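Welcome, and take a moment to look around before reading on. The report below walks through the chain piece by piece.

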Amino acid sequence: MPADEFSIATRRDNLDRAGRGVWDLLVIGGGITGAGLARDAALRGWRTVLVEQDDFASGTSGRSGRMVHGGLRYLAEGHIRLVAESLAERAALQHTLPRLVTPHQFMLPVCGTGLAMARMAAGMALYQGLALGRAAGPARLVSRRRARDLEPLVAPDRLAGAAIYWDCLTDDVRLVLALVADAHRHGAAAINHAPVVDLLVSGGRVAGAAVQDAVSGRTFEVRARVVANATGPWAERTLAMGGGRALRLRPTRGSHIVVERARLETRRAIIFSSPRDRRNLYLVPWGRYCIVGTTETDYPGDPAAVSTTAGDVAYLLEAVRSTFPGAGLGPGDVVSTFAGVRPLLDRPGLAARSVPRDYRVVEDPPGLISVAGGKLTTFRRMAQDAADAAARSAGGIAAGQRSRTAFVTVAPPAEAPPDIAGLVARAVKHEMAVTLSDCLIRRLGLIHELPDQGLGFAPEAARLAAPLLGWTGAQEQDEIQQYRAAVALTQRWRIASG
């Protein structure tokens, strides 16, 4: 199999390879952390397998606010070390992935008096200083009048001025896919739609996993010297398979709404606050749309079934109307929604919005390295620490070169073909798409980027994918129905709101 091919045929080859011999590392979870860990391990020369129960980036990592940032709001909460680490990682990703992590200008309106502006000036100076000369761009404060000249829609009560600064945006799904593909190019065997059904234990040590191929239904064993649990909000469940109890998570739901930029047109990303609880929110321009988020509420349910609620939409729209009163945004302007479950570390006594974004790497039981917490921006550091822990656990595996210095530029995606046939073919032949939802949601992004959320494309896309993926007529129809169900999940809030 050519090293640069990352296709459905590659997946079949990886399924055959995974069940043979003993691998150095088995990574469970194909989100940003698992993808980064598999790539880190492959760069160290380890024989690495990555398995994901659904599709790469199908969970939390593909439902983010699209930001790679230092976390300006964390300064006010005293998390200076987290901000400094995040800014360092932002700079590293911006340098090595310039086509996927791009600088973008932000505005942060300041409400109150001159004292509030002075505090903001101090905060921005600290934020820029913590970047240690690697800021994404210059920062400055502007007057009330200038703020309204720059962004006419911004008109919250008691506006005193605004901070203008730079952070970075990314296509979260494309970032994960690029990492997985690069792990493959360095020898890793990556397999999506392959849930772990049990962990293998030998001599009191986790020694692999029983994995099911969701396409064929076949179950096989993958044996490895170390197993890494990078399953995000499923981390406790995976840990329990091996009898471990070293992590306690605080899962929270982060919901977003997507609206047309014609209804909420800004020239830059805007950080603003909710009038209800003063929580920081953001508006991120995204092509012909903009993304508004995010909520932060405890979520005890199934991460696979999470969706934006009517209450979430009302909360976000209330905040938008407070900061952008002239836009007159209402429920009818919401094109789609998405929500993800954040695997925050539990901090008893803290409200969900106050839980810090730090992370932990633990070994429990022996042979199972679990990594949880953190955020998209710090995935590389999390991957490095987890790989170092795996090297210590295995003993005989050389620690290898950490990706902090070996990190090489991942090739950017090829230019998109101009027709639906070319797009579907590329998704299957070069991006390991296995289902219609893989194609339309994560490879093409249509679920949030077309007025009908891609429903009009679904039958034609399924017809084109069928011969490439070997679907029968019944399977083709089933794929269409599953995509319709995914779209319906983004609209579930409408039913609840009447």
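## After helix H13

H13 is followed by Gly445, a residue whose phi is positive, near 70°. Helices in this report (H or I, at least four residues) and strands (E, at least two) are DSSP runs, numbered from the N terminus. Please keep in mind that this is a predicted model, in which local features need pLDDT of at least 70, side-chain atom pairs count only at pLDDT 80 or more, and totals for chains, interfaces and linings use all residues. Residues are numbered from 1 along each chain as its sequence is written, and side-chain values use heavy atoms, with hydrogens and water left out.

Helix H13 spans residues 436-443 and is mostly covered, with seven of its eight residues buried. Buried here means under 20% relative accessible area, exposed means over 50%, and partly exposed is in between (1.4 Å probe, protein chains only). The buried residues are Leu436, Ser437, Asp438, Cys439, Leu440, Arg442 and Arg443. What do they pack against? Their partners are helix H7 (172-185), helix H12 (420-430), helix H14 (458-469) and helix H15 (473-490).

At the start of H13, Thr435 brings a side-chain oxygen to within 3.4 Å of the backbone nitrogen of Ser437. Met432 has a positive phi of about 55° although it is not a glycine, and Met432 is buried, with a relative accessible area of 0%.

## The chain as a whole

Let us step back. The secondary structure of the chain comes to 16 helices and 18 strands. The C-alpha atoms fill a box of roughly 65 × 50 × 40 Å, taken along the principal axes. For 498 residues, a compact globule would have a radius of gyration near 23 Å, and the 22 Å of the chain agrees with this. That radius is taken over C-alpha atoms, and the globule rule is 2.2 Å times the number of residues to the power 0.38.

Of the 498 residues, 59% count as buried. The chain exposes about 19,100 Å², and carbon and sulfur atoms supply 53% of that area; accessible areas come from the Shrake-Rupley method with a 1.4 Å probe, and for residues only the protein chains shown count as cover. Among contacts (heavy atoms within 4.5 Å) between residues at least 6 apart in sequence, 72% join residues at least 24 apart.

Where is His193? His193 lies in the loop between strand E7 (189-191) and strand E8 (196-202), and His193 is buried, with a relative accessible area of 8%. The C-alpha atoms of His193 and Asp54 are separated by 4.3 Å, while the two residues are 139 residues apart along the chain. Leaving aside neighbours within four places in sequence, the contacts of His193 include Arg11, Glu52, Asp54, Gln212, Val434, Thr435 and Asp438. Of these, Asp438 is one of the buried residues of H13.

Ser274 has its place in the loop between strand E12 (269-273) and strand E13 (280-286), and is buried, with a relative accessible area of 0%. Its C-alpha atom is separated by 8.6 Å from that of Thr323, 49 residues apart along the chain. Neighbours within four places aside, Ser274 is in contact with Arg279, Leu281, Tyr315 and Ala319.

Arg73 is found in helix H3 (residues 73-76).

Most residues other than glycine have a negative phi, and most peptide bonds are trans. Which peptide bond is cis between Gly293 and its partner Thr294, and what is its omega? The bond from Gly293 to Thr294 is cis, with omega near -5°, and Thr294 lies in the loop between strand E14 (289-293) and strand E15 (297-298). Another cis peptide bond joins Asp364 and Pro365, with omega about -5°. Pro365 is found in the loop between strand E17 (359-363) and strand E18 (368-373).

Ala57 has a positive phi of about 65° although it is not a glycine. Ala57 belongs to the loop between strand E2 (48-51) and strand E3 (67-68), and is buried, with a relative accessible area of 3%.

Note on methods
A polar contact is a pair of N or O atoms within 3.5 Å; within protein, one must be able to donate a hydrogen and the other to accept it, and residues adjacent in sequence count only if both atoms are side-chain atoms.
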